[in-house]
Amino acid sequence: MSQVASLLIALPLISAFFVPVLKQIKKSLIFPYLTLITLLQTGIAGWVFYEVYTTGKPILIYAGGWRPPVGINLYIGPFAALFILIIAIVSFLTSLFSMRMVKVEPIDKYAMLFLLLMLGATGMIATGDIFNLFVFMEITAITAYALTAYNKTGEAAEASMKYMILGGIGSSFFLIGVALIYGVTGTLNMAQLAEFASAGKIMPVVAQVGLSLIIFGLAVEAELFPLNAWAPDAYQAAPHPITVMFSAFVVKAGLYAMARILYLLQKVNGWDSVLKLLLIMATLTVIFAELSALRQKDVKRMIAYSSIGQVGLIALAFSLGTQAGVDAGVFHMLNHAIVKTMMFLGVGYVGVMVGGTRIEDFRGLGKRMPLTALSLSVGAISTVGVPLFNVFWSKFRIIVATIQAGFVWPAVLVLFASVVEAVYYFRLLHVMWFAGEGERIKEGWIVVFLLLLALIIVGIGIYPTPVWEIVKRAGSDIFAVKVYINNVPLLGVVQ
Amino acid sequence: MGEVVSMLKRLLSIILILIIGYWIAQGLANVPFGEDRMLVGKYYLQHVKEQTGAVNAVTAVVVNYRGFDTLGEVTVLFIASTGVAALLWRKRRERTAKTEGSLVLTTGSKLLFPFIMLFGMYIFIHGHLTPGGGFPGGATIATGFLLMYLAFIVYEIPHRGFEVTEGLAGMSYVLVGLIGLAIGGYFLFDWIWQTWHFGTSNLGRLFSGGFIPVIYTLIGIKVGTELSGIIDNMLKEEVKE
């Protein structure tokens with residue numbers, strides 16, 4: 001029965017392949033079709049989530065019926081179940097928004113790429129095989145390159161070009177890392193790799209070089225400091241719904257993959273130094289992103305920088321090497337996904353209605369589009385980390401975990417970055433509510449979803465315990481490698 | 001002044017590359033060379049014939065044992081062609097080639113075309129027996145179309161048909177996988193070999209190899225139409241009315 005969960009991969013694939021046929025039948029059906037498929041995907045993901053969290057056992061999918069390490073297996077544990085659900089919900093929301101926001105032709109190609117971006121991120125999070133991870137990462141990355149340039153403006157082409165070159169270099173490094181690790185162990189299965197690492201069967205030098213190469217490769221997707229130069233341009237130039245997907249789950253998939261591989265090999269000698277490297281990169285990401293956001297004139301770009309800053313915070317939490325840090329990081333991942341989905345959708349909506357996303361376009365938005373402005377304000381206040389909003393809890397936990405792990409300086413620097421964040425977000429609030437005049441613009445049904453998301457933000461902020469319980473289980477899925485190894489029954493033929 | 005800076009840049013990058021190269025070589029030096037490190041590999045070689053019916057171990061691994069990766073790779077190619085088409089999309093696009101090819105070129109291409117097609121099909125149909133498979137076969141077929149494009153200034157593939165074929169081939173691949181889910185209980189399960197035992201007495205001949213030839217035929221069609229589509233898109237220019 002549990003094998004039916006492989007529909008999470010099969011459904012978006014077969015639907016994407018069907019689009020060229022559908023286009024010949026009737027072109028106006030494409031967007032409703034997209035919404036229907038993402039809704040179906042949400043249904044399956046919801047079922048998987050329910051299964052995993054009620055039985056407490058992960059769902060293992062054996063592609064082709066081969067046991068690992070001979071075949072490829074998908075591992076849908078608490079973490080994957082949670083984030084696959086988030087991916088599906090966010091995709092559903094953005095597909096609804098796409099109807100209003102994407103008017104550029106060819107929309108049939110847009111629909112295919114949209115579905116495959118969702119598929120790629122789902123696969124990255126679900127897979128239990130290190131080379132399969134590479135394949136899904138390529139699916140995600142190449143779709144992202146194409147979608148970044150989709151608007152066909154000069155700046156979109158430039159952003160996509162930067163992203164493509166950096167991403168190409170990154171994935172080559174990743175592949176070299178995989179080759180090194182395969183060369184020394186003879187296996188690609190994550191559980192078996194973890195077993196070898198625990199038994200001390202991987203030579204330290206190889207493990208260190210391989211691991212750093214893999215981390216380096218994934219850092220491009222995960223937008224960590226020296227490798228994230230593509231991100232602000234791509235976020236700004238991509239179609240509005242695609243920006244939402246980038247921020248809500250494409251980055252998260254990269255971060256998760258990084259954390260997963262890192263913690264699988266935690267018994268390897270020299271692991272600490274890789275962790276330190278990641279810690280430095282993460283702290284620098286937060287500081288540079290927040291300082292750059294301060295100077296932005298374009299709101300979409302400003303929020304893009306803010307998103308990178310938050311991602312740095314998650315990476316910081318993952319690089320602590322403690323259970324508390326990982327839990328806090330996953331919590332922040334969840335909160336950030338909700339908040340940034342709402343922010344980018346709201347900004348995109350304003351961009352479509354007003355005709356631009358520069359800061360002048362937001363003058364007097366509180367009078368022109370009060371409901372959109374209200375939800376944007378909730379998002380802004382929450383991101384800064386004000387109590388009674390969801391991000392406060394996760395930020396607080398990350399900083400506590402950082403200090404507990406003995407890193408005082410990173411904690412101080414990150415707190416400083418939060419102050420910087422407050423400055424530019426409150427400037428935006430000021431512009432929206434206390435400056436400018438304007439006619440009332442009629443807001444459509446889209447606002448209902450924005451307000452719903454705002455409500456969730458406040459809801460988690462006031463009553464975080466149930467979400468925290470879910471997140472803790474997802475966090476231990478990454479941290480507790482022993483459990484992971486035991487959960488994947490390996491074929492006994494090799495040794 | 002500028003020259004000094006560019007020299008310095010070059011020098012720095014050479015030093016950096018040397019450092020990275022040394023570092024990776026350090027890692028590589030610790031991977032034992034020539035020793036038997038085959039863990040999973042041995043399993044494949046020992047069981048490939050009875051478990052998959054393929055004589056070509058590589059295709060058995062690629063399509064059967066690790067078929068999930070191949071499905072992903074097919075998708076990557078699909079994305080590439082869709083992406084190119086999306087980025088080069090204009091309302092009206094036509095070929096604007098100007099010089100006619102010589103008679104020898106056009107006649108030669110016409111004669112060569114069916115042979116290339118035939119050979120391409122041969123490659124992907126015999127994937128489980130000989131080296132090759134869906135990807136090289138499909139690429140060979142696309143080469144045939146490229147030849148036609150380069151030899152004739154007005155040649156154009158019927159893209160509507162090509163697009164639909166490409167989509168249908170991809171859907172059939174996933175469908176074969178889903179039939180496996182229905183019959184054998186696993187996605188991408190080789191139901192032709194494992195459940196039907198079709199061709200078990202025929203090992204090493206054309207009608208064997210479980211679903212490998214079926215999938216490779218689909219991949220061959222898909223890759224062929226996809227690469228031709230990319231060529232078609234890249235060779236056309238916008239026409240202003």
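**View 1. Polar contacts link chain A and chain B across their interface.** The rule picks out 10 residue pairs in polar contact across the interface of chain A and chain B, both residues of each pair being at pLDDT 80 or more. A polar contact here is a pair of N or O atoms within 3.5 Å; within protein, one must be able to donate a hydrogen and the other to accept it, and residues adjacent in sequence count only if both atoms are side-chain atoms. On the chain A side, the elements giving two or more residues are helix 1 (7-25), helix 4 (107-126), helix 5 (130-148), helix 6 (154-185) and helix 8 (204-221). Helix 1 of chain A gives the most, with 12 residues. Helices (H or I, at least four residues) and strands (E, at least two) are DSSP runs, numbered from the N terminus. Sorted by type, the chain A side has 43 nonpolar, 14 polar and 7 charged residues. Ala, Val, Leu, Ile, Met, Phe, Trp, Tyr, Cys and Pro count as nonpolar, Asp, Glu, Lys and Arg as charged, and the others, Gly among them, as polar.

This is a predicted model, where local features need pLDDT of at least 70, side-chain atom pairs count only at pLDDT 80 or more, and totals for chains, interfaces and linings use all residues. Residues are numbered from 1 along each chain as its sequence is written, chains are lettered from A and ligands numbered from 1 in the order in which they are written, and side-chain values use heavy atoms, with hydrogens and water left out.

View 2. The contact (heavy atoms within 4.5 Å) takes 64 residues from chain A and 52 residues from chain B. There are 3 salt bridges between the two chains; the term means a side-chain nitrogen of Lys or Arg within 4 Å of a carboxyl oxygen of Asp or Glu. One of them joins A:Lys109 to B:Glu163, at 3.3 Å, N to O.

**View 3. A:Lys395 pairs with A:Glu421 in a salt bridge.** Their closest N and O atoms are 2.7 Å apart. The pair links distant parts of the chain, 26 residues apart, with A:Lys395 in helix 16 and A:Glu421 in helix 17 of chain A. A:Lys395 counts as buried because its relative accessibility is 7%, and A:Glu421 does too, at 1%. Buried means under 20% relative accessible area, exposed over 50%, partly exposed in between (1.4 Å probe, protein chains only).

**View 4. Helix 16 of chain A packs against other helices through its buried residues.** Helix 16 (residues 390-404) has 15 residues and reaches 22 Å from its first C-alpha to its last, close to the 21 Å expected at 1.5 Å a residue. That expected span is 1.5 Å times one less than the number of residues. Its buried residues, including A:Phe392 and A:Ile398, pack against helix 12 (299-318), helix 13 (323-354), helix 15 (370-384), helix 17 (408-434) and helix 18 (446-462) of chain A. Just after helix 16, A:Gly406 takes a positive phi of about 95°.

**View 5. B:Thr70 sits in helix 4 (residues 67-87) of chain B.** B:Thr70 counts as buried because its relative accessibility is 4%. Leaving aside neighbours within four places in sequence, B:Thr70 is in contact with B:Val62, B:Val63, B:Phe135, B:Tyr173 and B:Ile219.
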